[in-house]
Amino acid sequence: MISNIIEVITSARALEKYSNRNRLFKEAVPYVGQAKQSVSEPNKIFLRLNPLASNGALLEFKREDIVIAENVETVADKEGETFQIVKIWVRIGSIGIKLEPFSVQDYSAVLGKGFDTIANEK
């Protein structure tokens, strides 16, 4: 697997050069974060919006929906590991997925009475 995410995104096809930034703003929306190619589905790119936070949002895009990718900077975490921050421009109208982790809990004891009361009123 290619380690440079910019190469991963651009390897499938030659991306159009956007010399006119106004045109780019009309066709795509920028997202900045740490990008990674999906291991199981190479045509998908994950973007972690706040890679230094433990609860940063994670977005998923299809590689063909990314118009252009730019390297922003290289950042180091507390342990000294470095990673690339990129800006990806995603085509307007594309479907992205926002992945949000959550803790699975059983709230039936707390919510059970409230739902039963509502159901009995109808």
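A polar contact is a pair of N or O atoms within 3.5 Å; within protein, one must be able to donate a hydrogen and the other to accept it, and residues adjacent in sequence count only if both atoms are side-chain atoms. This model is predicted: local features need pLDDT of at least 70, side-chain atom pairs count only at pLDDT 80 or more, and totals for chains, interfaces and linings use all residues. Residues are numbered from 1 along each chain as its sequence is written, and side-chain values use heavy atoms, with hydrogens and water left out.

**Stop 1: Ser-38**

Select Ser-38 and Glu-41. A polar atom of the Ser-38 side chain lies 3.1 Å from the backbone nitrogen of Glu-41. Ser-38 is in the loop between strand 1 (28–37) and strand 2 (44–48); helices (H or I, at least four residues) and strands (E, at least two) are DSSP runs, numbered from the N terminus. Ser-38 has 5% relative accessibility and therefore counts as buried (buried is under 20% relative accessible area, exposed over 50%, partly exposed in between, with a 1.4 Å probe and protein chains only).

**Stop 2: the whole chain**

Switch to a cartoon view. The chain has three helices and six strands, in the pattern α-α-β-β-β-β-β-β-α along the sequence. Of its 122 residues, 27% count as buried. Among contacts with a separation of 6 or more, 57% are between residues 24 or more positions apart.

**Stop 3**

The six of them form an open antiparallel sheet in the order 4-5-1-2-3-6 (two strands pair if DSSP finds at least two bridges between them). Strand 4 (66–76) and strand 6 (97–99) are at the edges with a single partner strand each, so one side of each has no neighbour in the sheet. On average, neighbouring strands of this sheet are turned by 40° against each other, direction ignored (axes are lines fitted to C-alpha atoms). Now keep strand 3 (residues 58–62) and strand 6, which pair in the antiparallel sense over three bridges. Here Leu-59 stands opposite Lys-98 in strand 6.

**Stop 3: aromatic rings**

The whole structure has two aromatic pairs (rings of Phe, Tyr and Trp, its six-membered ring, pair if their centres lie within 6.5 Å; planes under 30 degrees apart count as stacked, over 60 as edge-to-face and the rest as tilted). Select Phe-25 and Trp-89: the ring centres are 5.1 Å apart and the planes are at 80°, so this pair is edge-to-face. Phe-25 is in helix 2 (residues 21–27) and Trp-89 in strand 5 (residues 82–91), 64 residues apart. Trp-89 is buried, at a relative accessible area of 1%.

Next, select Tyr-31 and Phe-61. Their ring centres are 5.2 Å apart with planes at 45°, so this pair is tilted. Tyr-31 in strand 1 and Phe-61 in strand 3 are 30 residues apart. Tyr-31 counts as partly exposed at 28% relative accessibility, whereas Phe-61 counts as buried at 6%.

**Stop 4**

Technical notes. Axes fitted to C-alpha atoms, helices over the stretch in contact; angles between N-to-C directions. Contact = heavy atoms within 4.5 Å.
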